[in-house]
Amino acid sequence: MSDSVAERLAAVRERVAAACARAGRPVESVTLVAVSKLKPAALIREAYAAGQRDFGENYAQELRDKAAELADLEGLRWHAIGPLQTNKVKYVARVAGAFHALDRVEVARELSKRREGAPPLPCYVEVNVGGESTKSGLEPGALEAFLAEARALPGLQLVGLMSLPPPSDDEARARGYFRALRELARTHGLPGLSMGTTHDFELAIQEGASVVRVGTAIFGERA
């Protein structure tokens, strides 16, 4: 693996472009979110200097602190990508440009309240397509009722679905999870698909991902 953040970022962008070409898609149809959780602000500055603008954080208070520290970086967009407790919603509502893990009505209501007077917050509804008891996200069968409630709330814009399926070395199985999410999104009229991480983002792109969340391949392993 290359040493610098800029070199790793360039390599990931090349892989994104190649995956888009294989899928017959324009590269502009995929947003690369650089997942910077638990990484120092200095590395985010390096990625920003190399042209990256979308960054993902899992923890609300870390997002709050980094947004303050990096407030001088014009055009930087924060994506809150981790599960959220209602008492931490204020941090996300204040600084995030998108939220990728909406799966509870209580959180949706609190976000809606906190976004009053601000532009609607783009949200991806998280679905547990792998049926894992250790993962957050709605069961597919609960999606319709949840969407009906969340769509009625002001201040939120439901733009798509998100999932973090179980990692698998079986390509057919991995594709199956991504296809399941794509079909759910189509059924419910949601255009966005936030899916794919360092180990499977190319497959996700081939199956329709509009956002991929890549951390390790850009910033290296976490301590």
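This report looks at salt bridges in a predicted model.

## Ground rules

Because the model is predicted, local features need pLDDT of at least 70 and side-chain atom pairs count only at pLDDT 80 or more, while totals for chains, interfaces and linings use all residues. Residues are numbered from 1 along each chain as its sequence is written, and side-chain values use heavy atoms, with hydrogens and water left out.

## Salt bridges overall

Side chains of opposite charge can pair when their charged atoms come close. Searching the whole structure turns up 17 salt bridges (a side-chain nitrogen of Lys or Arg within 4 Å of a carboxyl oxygen of Asp or Glu).

## A pair in helix α5

Let's start with E110 and R114, whose side chains form a salt bridge at 3.2 Å, N to O. They sit four residues apart in helix α5 (residues 105-114), so about one helical turn separates them. Helices here are DSSP runs of H or I, at least four residues, and strands are runs of E, at least two, numbered from the N terminus.

E110 is buried at 16% relative accessibility, whereas R114 is partly exposed at 43%. (Buried means under 20% relative accessible area, exposed over 50%, and partly exposed in between, with a 1.4 Å probe and protein chains only.)

R175 is buried at 15%, and E171 is partly exposed at 45%.

R175 also bridges to E207, with the closest N and O atoms 2.6 Å apart. E207 lies in the loop between α8 (201-206) and β8 (211-214), so this pair ties together parts 32 residues apart in sequence. E207 is buried, at 3% relative accessibility. Through shared partners, salt bridges link E171, R175, R179, R182, E183, R186 and E207 into one network.
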